Amino acid sequence: MSERLKIRLAYQRGFQVVDGSTVLETFMERDDAFRFVRGKGARVWLAWSRTVIGGQTAPFDFAASFQQEDVGRILKAVHGPGAGTWFWTMYSHDRGRFGGQHGTVETKDQAVSEVERAFTRFIAETEKLQP
């Protein structure tokens, strides 16, 4: 099994956890799908895109999203004592649950992994707030 698994909408059936083209499991609740991924020791594969500021693509700067919601960002330090390292941040205000984590790592791949792991953990382990 891959260390990154996708969670996608399953029309009128909830959410599917997918490894490549293989459906591993289907859940009615999204959070249960995240708990399944976490229980497998994997992380959710987020969608990544270049960060655009003022119509310009920012160099060494990428945004993470899950189902069209921005949930993280990574960017490479190009100046100063941390030049060459990658800063990562995960943030979410999912259904009234607020969370965020951040850090600095040596490579872009490590930064991607940290954002995906932090978001997977946040959704899987944070209980829903009761109204």
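# Buried helix residues, a helix crossing and ring pairs

Student: Which residues of H1 are buried?
Tutor: This is a predicted model: local features need pLDDT of at least 70, side-chain atom pairs count only at pLDDT 80 or more, and totals for chains, interfaces and linings use all residues. Residues are numbered from 1 along each chain as its sequence is written, and side-chain values use heavy atoms, without hydrogens and water. Helices (H or I, at least four residues) and strands (E, at least two) are DSSP runs numbered from the N terminus, and buried means under 20% relative accessible area, exposed over 50%, partly exposed in between (1.4 Å probe, protein chains only). In H1, the buried residues are Arg30, Asp31, Ala33, Phe34, Phe36 and Val37.

Student: At roughly what angle do the axes of H1 and H2 cross?
Tutor: Axes are lines fitted to C-alpha atoms, for helices over the stretch in contact, and angles run from 0 to 180 degrees between N-to-C directions. H1 spans residues 30–39 and H2 residues 108–125. Their axes come within 8 Å and cross at roughly 125 degrees.

Student: How are H1 and H2 placed to each other?
Tutor: Angles under 35 degrees count as roughly parallel, over 145 as roughly antiparallel, 65 to 115 as roughly perpendicular and the rest as oblique. The H1–H2 axes cross at roughly 125 degrees. H1 and H2 are therefore oblique.

Student: Which residues of H2 make the contact with H1?
Tutor: Contact means heavy atoms within 4.5 Å. H1 brings Arg30, Asp31, Phe34, Arg35, Val37 and Arg38. H2 brings Phe119, Thr120, Arg121, Ile123, Ala124 and Glu125.

Student: How many charged residues has the contact of H1 with H2?
Tutor: Ala, Val, Leu, Ile, Met, Phe, Trp, Tyr, Cys and Pro count as nonpolar, Asp, Glu, Lys and Arg as charged, and the others, Gly among them, as polar. The contact has 5 nonpolar residues and 1 polar residue. Its charged residues number 6.

Student: How many aromatic pairs does the count come to?
Tutor: Rings of Phe, Tyr and Trp (its six-membered ring) pair if their centres lie within 6.5 Å; planes under 30 degrees apart count as stacked, over 60 as edge-to-face and the rest as tilted. By this rule the number of aromatic pairs is 5.

Student: What is the pair of Phe34 and Phe66, stacked or edge-to-face?
Tutor: The ring centres of Phe34 and Phe66 are 5.2 Å apart. Phe34 lies in H1 and Phe66 in strand E6 (residues 56–66), so the pair ties together parts 32 residues apart in sequence. Both Phe34 and Phe66 are buried. Their planes stand at 75 degrees, so the pair is edge-to-face.

Student: How far apart are the ring centres of Phe62 and Trp86?
Tutor: The planes of Phe62 and Trp86 are at 35 degrees, so the pair is tilted. Phe62 sits in strand E6 and Trp86 in strand E8 (residues 86–94), 24 residues apart. Phe62 is buried at 15% relative accessible area, and Trp86 is buried at 6%. The ring centres lie apart by 6.3 Å.

Student: Which residues does Lys108 touch, not counting those up to four places away in sequence?
Tutor: Lys108 belongs to helix H2 and is partly exposed, with a relative accessible area of 35%. Its C-alpha atom is 6.2 Å from that of Trp86, 22 residues apart along the chain. With that exclusion, Lys108 touches Phe62, Ile74 and Trp86.
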